[in-house]
Amino acid sequence: MADVSGTELSEEKESEIELKKRQKRPWGDIPMSGKIGITPDLPETLGFYDINAVRREQREHSDPSLARFMCAELTRGYFLEHNEAKYTERRERVYTCMRIPKELEKLMIFGFFLCVDAFLYVFTLLPLRVLLALLRLLTLPCCGFSGSRLLQPAQVCDMLKGLILVLCFSMMHYVDYSMMYHLIRGQSVIKLYIIYNMLEVADRLFSSFGQDILDALYWTATEPKERKRDSIGVIPHFLMAVFYVFLHSILIMVQASTLNVAFNSHNKSLLTIMMSNNFVEIKGSVFKKFEKNNLFQMSNSDIKERFTNYVLLLIVCLRNMEQFSWNPDHLWVLFPDVFMVVTSEVAVDIIKHAFITKFNDITADVYSEYRASLAFDLVSSRQKNACTDYSDSVARRMGFIPLPLAVLLIRVVMSSVKVQGALSYTCVFLFYLGLVTLKVLNSIVLLGKSCVYVKRANMEDKLFERPSSAPSASAKSPSKADQARCPNPSGESTVERIPASPYRTAPSSSSTTSVTTQPSPRTDLFPAPPTDTHPASPASLPPTPQPEPESSVPSPAKEEQEEAQGGTELKHRTPKKDLLEIDRFTICGNRID
């Protein structure tokens, strides 16, 4: 027993000694490369392992140092090509932001000249059209009455516009501009800042509701009436339109007076605060979700706002030049403030649109589509089958109503410029001829450019689309181009639903070739009664037997047809996507859900 216990103790001691040796020399059990083989984990030196390399490697894994960390940070690498799609997308966003100023300004310039064309129409061609309508009324008893209308619908609308302008201009004579200016100048800076913001909101609301009032007046005055007593309904609509134009003109006058006070203030603090208000607009619109249609509304609103600001600046310059007896040196005093207003407006629009397109993944090519849509409105209003005047289509699309602004400008010019003597009236006549020439040249250039834009966008076919005469599924859903050409008074685009009759003759092909001719009067407002075309009457024909109901199991063809019908119904129920179907007030540009 003593021998056995002694041998066990000796074995335990030997195992402890061996364990200590392994801890001190961990490479003892590893075979050398010269005898057995190469161990891939450890370096070798002439058949023997480098003990220092082994210790250094173990030290690196067990005890990292600051020098090794810095060395790793300075020498580590990475490959961007492993995520090529991500970085390509980021680069395209940068290119899009760089293209936004050019594409946006192209749209803004085109829209600006559209507003100029609609605004000059009020001063140049509208008086001539009113004179022609009056001449027709005066010569009607001599020439004899022929036809169902005294005046054409377009002439009725021109007469109403002329009467509204004359009445509102006469009412504006009782509003003292100087008293309003000094009343606003006596207010504090903060109060004026709040007033200016309220006026901007009120201007948008007035523009939205005002175009509906004018459209309702035009339609009430020109719709077919069975009795003459129905024409009395035009009077309340006319009074409402006059009241609206007068109130909107006063509102714009207060805006111009506030801007004039800001220009004439000593420390320019009010003007700086008003210009900083434009940058607040970036905060309110950049971080919202925008679709292409919403961005189109915002672009139209920016065009209208920029043109209105230019007219307000013109009014301010006229008033200031009158106070300084038309001294040309005072223009250089006003120039820095005018330049600051215009520059801030352009900078805010560029920054706002650049970040909106970046955050919503919208390409810069969308502004070419917007420009083509505006060009389509211009070209379609020159067609023979046009159902609206061009100035009204601009008002619906951009929210720009030229009547209140024209009334105010006439009022300011008449009070600022004194016309006395034959030479002065000759100068006024020559100035009017210059405006007419500018209007005609502007219209010709815009029409040519619009035809080019429509052709590039492949929208020529939509200009001549008409509802089919045969009753079909397409009769329930009119084409988008027809909806865009015939907006209703509420601002939304609809098509006049006339029951299709097989007895109505199709329009001739020559009617679609003209773009600038006048529309012909409608003779198909009420469909003709059907006539018998067969010798046998329908009552004499034998009744056709009713088909027996089929089995309850539907055929695959019926299922596909029902699915297709359901798909078309869902398509018609979806929100409008086409830019041609959108006007300024269908979707508000500043309220995005």
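## Close-up views of a predicted model

**View 1. Arg-93 and Glu-89 form a salt bridge, with 3.2 Å between the closest N and O atoms.** A salt bridge here is a side-chain nitrogen of Lys or Arg within 4 Å of a carboxyl oxygen of Asp or Glu. Both residues sit in helix 4 (residues 84-123), 4 residues apart, about one turn of the helix. Helices are DSSP runs (H or I, at least four residues), numbered from the N terminus. Arg-93 is partly exposed at 26% relative accessible area, and Glu-89 is partly exposed at 40%. Buried means under 20% relative accessible area, exposed over 50%, and partly exposed in between (1.4 Å probe, protein chains only). This is a predicted model: local features need pLDDT of at least 70, side-chain atom pairs count only at pLDDT 80 or more, and totals for chains, interfaces and linings use all residues. Residues are numbered from 1 along each chain as its sequence is written, and side-chain values use heavy atoms, with hydrogens and water left out.

**View 2. Arg-129 and Asp-158 meet through their side chains in a salt bridge (2.6 Å, N to O).** The pair links distant parts of the chain, 29 residues apart. Arg-129 belongs to helix 5 (residues 125-143), Asp-158 to helix 6 (residues 153-172). Arg-129 is partly exposed, at 27%. Asp-158 is buried, at 3%.

**View 3. Salt bridges with shared partners join Glu-105, Asp-302, Arg-306, Asp-349 and Lys-352 into one network.** The count for the model is 17 salt bridges.

**View 4. The largest cavity has a volume of about 280 Å³.** A cavity is a set of points, on a 1 Å grid over the protein atoms alone, where a 1.4 Å probe fits but cannot get out. Grid points are joined across faces, edges and corners, and the volume is the space filled by probe spheres set on the points. The count comes to 8 cavities of 30 Å³ or more. Lining residues have an atom within 4 Å of a point. The largest cavity has 24 of them, with Glu-200, Asp-203, Gln-255, Glu-305 and Asn-309 nearest its centre. The lining divides into 8 nonpolar, 9 polar and 7 charged residues. Here Ala, Val, Leu, Ile, Met, Phe, Trp, Tyr, Cys and Pro count as nonpolar, Asp, Glu, Lys and Arg as charged, and the others, Gly among them, as polar. Helix 8 (189-222) and helix 12 (329-359) are among the helices that each supply at least two lining residues.

Technical notes
1 Å grid on protein atoms, 1.4 Å probe; cavity = no way out; pocket = protein on both sides within 12 Å on 5 of 7 lines; lining within 4 Å.
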